[in-house]
Amino acid sequence: PDDMNEAGGTAGPTGSALSGVPVDSFRLRRAFIAGLRLLIGAAVIGLVVGFLWAKLGMSSGYRTTAVLKYEGALRVADMPVGLDAIRPVADALKNQSVLRKIAEEIDFDGTLTTLEYAIGYDIDMMAGTIHVSVGGETGQEAADFARIVTDIFMEYHRERQAKRIEAELTRVRKRIEAGEREVEVARNRYNEFREQHGIADLSREQRSMVQSAAKLRADSELSVSEIRALEAQVTSLEALLAGTPKTSSLGGGVSPERAAYERLREELVSARSTLSPDHPRVQSLQQQVAQLGAELRQGGGSSAGGGLIGTNATYQAIDGQLRDTKARLAALRERQKGLAKMADKAQTRVETFSDIEGDASALLAEVKVDENLLSGLRGSEAALEDALRDPPSGFVVLDPGAVPEYPERNKMKTVVFLGVPMLTVGLALLLILRREFGGLRLQTPAEFAFWGKGPVLAAT
């Protein structure tokens with residue numbers, strides 16, 4: 001018994017040492033030696049099958065990347081600038097209408113969700129670029145796919161710009177109609193005053209002074225209206241900026257509620273830049289943002305694990321637009337002050353005329369003011385009509401996506417090449433062990449000692 005305990009033992013339930021071992025290492029060595037040829041054969045067969053499968057049975061696709069430069073939203077005449085940040089603009093690649101057109105163009109038979117996953121894109125905030133990556137069975141197919149995606153993506157944004165221009169053009173034309181009526185009323189009032197008092201044309205010097213005073217007054221009043229418009233824009237931008245977080249999560253443990261909240265906020269900023277505050281879409285987005293914001297403040301949408309925090313692109317866009325608008329507002333205020341002083345001096349010279357001539361000059365000045373406003377509106381209309389003929393998309397193609405020369409490395413080939421031999425060797429090993437230990441028969445004294453829970457006195 002002492003000799004058997006020295007051979008090896010294990011502790012039983014009561015903690016006392018038991019003689020023997022569950023499986024004798026001699027039988028393992030014997031099984032491996034007997035099945036060595038089988039293991040080697042299984043490994044060779046697995047390597048051959050894995051190589052042929054990876055080489056012939058699995059294809060490597062081609063992938064190309066198109067690069068688009070974001071130039072920002074269109075600004076024409078008095079048309080408000082869209083505050084679309086690059087991220088929500090790029091997310092148009094997930095838009096159902098865009099995906100549907102792409103699917104029709106390439107005859108895609110799968111679902112739109114599958115197509116969405118097939119189109120990858122990365123955003124470079126610093127460079128203001130979008131990298132659109134797509135694949136294909138051949139290099140030419142990948143390049144054609146990239147061209148179709150970029151063309152439809154840019155066409156979608158051209159249509160959006162066209163709608164904004166059309167809406168602004170409609171507003172300007174209504175203002176032109178009203179301006180024409182005001183000019184006609186002012187000119188009729190001036191002509192009736194001249195006929196009533198028998199006033200012919202003013203002298204050349206008087207006419208020059210009156211026109212100068214009228215022009216200065218018109219420019220001053222026009223500057224006042226522009227200042228009011230810019231003040232309203234500053235107020236709107238400040239309200240947007242106050243409600244926009246300076247930072248945003250870049251991933252890594254962001255809750256679905258927080259992600260939805262950020263997405264709705266970006267959509268709200270985009271909608272406010274093109275739609276009126278009373279528009280149903282704007283009001284609907286405001287309600288959704290307010291509801292999600294309340295839930296997040298109550299702790300219902302906290303991050304699941306510290307994600308990366310970066311600068312909010314929407315906040316940067318609004319902040320930059322606000323600074324630019326304030327600078328233009330300050331310059332316009334200084335200009336208006338100068339125009340007002342010069343208009344007062346010119347009006348003082350005009351008032352040296354007779355009372356009737358002075359009244360006539362005031363009426364003529366009113367005519368000039370209305371005519372100048374009307375002229376500015378017609379200039380805006382012409383600029384908008386010109387932009388509508390070929391609305392820009394806001395993007396420039398830096399790289400259309402070249403035809404790749406080599407296929408993309410398929411990582412699954414390595415998995416298959418190594419996995420098949422491992423599988424065949426594992427099956428061979430299982431067969432060897434089953435052949436040796438089939439039926440769970442005990443053969444060596446060490447095994448009998450362990451499972452019999454006692455010493456073996458003799459063995460033959």
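Arg147 and Asp151 both sit in helix 7, four residues apart, which is about one turn of the helix. Their side chains meet in a salt bridge, at 3.9 Å from N to O. A salt bridge here is a side-chain nitrogen of Lys or Arg within 4 Å of a carboxyl oxygen of Asp or Glu. Helices (H or I, at least four residues) and strands (E, at least two) are DSSP runs, numbered from the N terminus.

The model is predicted: local features need pLDDT of at least 70, side-chain atom pairs count only at pLDDT 80 or more, and totals for chains, interfaces and linings use all residues. Residues are numbered from 1 along each chain as its sequence is written, and side-chain values use heavy atoms, with hydrogens and water left out.

**Salt bridges**

- Side chains of opposite charge can pair when their charged atoms come close.
- The whole structure holds 13 salt bridges.
- Arg147 counts as partly exposed because its relative accessibility is 43%, and Asp151 is partly exposed at 39%. The cut-offs are under 20% relative accessible area for buried, over 50% for exposed, and partly exposed in between (1.4 Å probe, protein chains only).
- Arg187 pairs with Glu371, and their closest N and O atoms are 2.1 Å apart.
- Arg187 belongs to helix 7 and Glu371 to helix 12 (residues 355-389), so this pair ties together parts that are 184 residues apart in sequence.
- Arg187 is partly exposed at 35% relative accessibility, and Glu371 is partly exposed with a relative accessible area of 24%.
- Asp386 forms a salt bridge with Arg389, with 3.4 Å between the closest N and O atoms.
- Both Asp386 and Arg389 lie in helix 12, three residues apart, about one turn of the helix.
- Asp386 is partly exposed, with a relative accessible area of 49%, whereas Arg389 counts as exposed at 64% relative accessibility.

**Nonpolar cores**

- The largest nonpolar core has 26 residues, and those with the most contacts inside it are Ile102, Ile119, Ile130, Val132, Val149, Phe153 and Phe395. Such a core is a set of buried Ala, Val, Leu, Ile, Met, Phe, Trp, Tyr and Cys residues joined through side-chain atoms within 4.5 Å.
- Two or more residues of this core come from each of strand 3 (62-70), helix 4 (86-90), helix 5 (96-106), strand 5 (129-136) and helix 7 (139-197).
- Helix 7 gives the most to this core, seven residues.
- Another core lies apart from it and has 12 residues, among them Leu240, Leu241, Tyr315 and Leu322.

- Ile102 touches Leu115, Ile119, Phe145, Val149 and Ile152, leaving out residues up to four places away in sequence. Contact means heavy atoms within 4.5 Å.
- His157 is in helix 7 and is buried, with a relative accessible area of 3%.
- Not counting residues up to four places away in sequence, His157 touches Val89, Ala92, Pro392, Ser393 and Phe395.

**Nonpolar surface patch**

- Leu36, Ile40, Val44, Val48, Phe51, Leu52 and Leu56 form a nonpolar patch on the surface, with about 680 Å² of accessible area together.
- Patches are made of residues with over 30% relative accessible area and no salt bridge; like charges are joined within 9 Å, nonpolar side chains (Val, Leu, Ile, Met, Phe, Trp, Tyr) within 5 Å.
- Accessible areas come from the Shrake-Rupley method with a 1.4 Å probe, and for residues only the protein chains shown count as cover.
- Val48 lies in helix 3 (residues 36-57) and is partly exposed at 44% relative accessibility.
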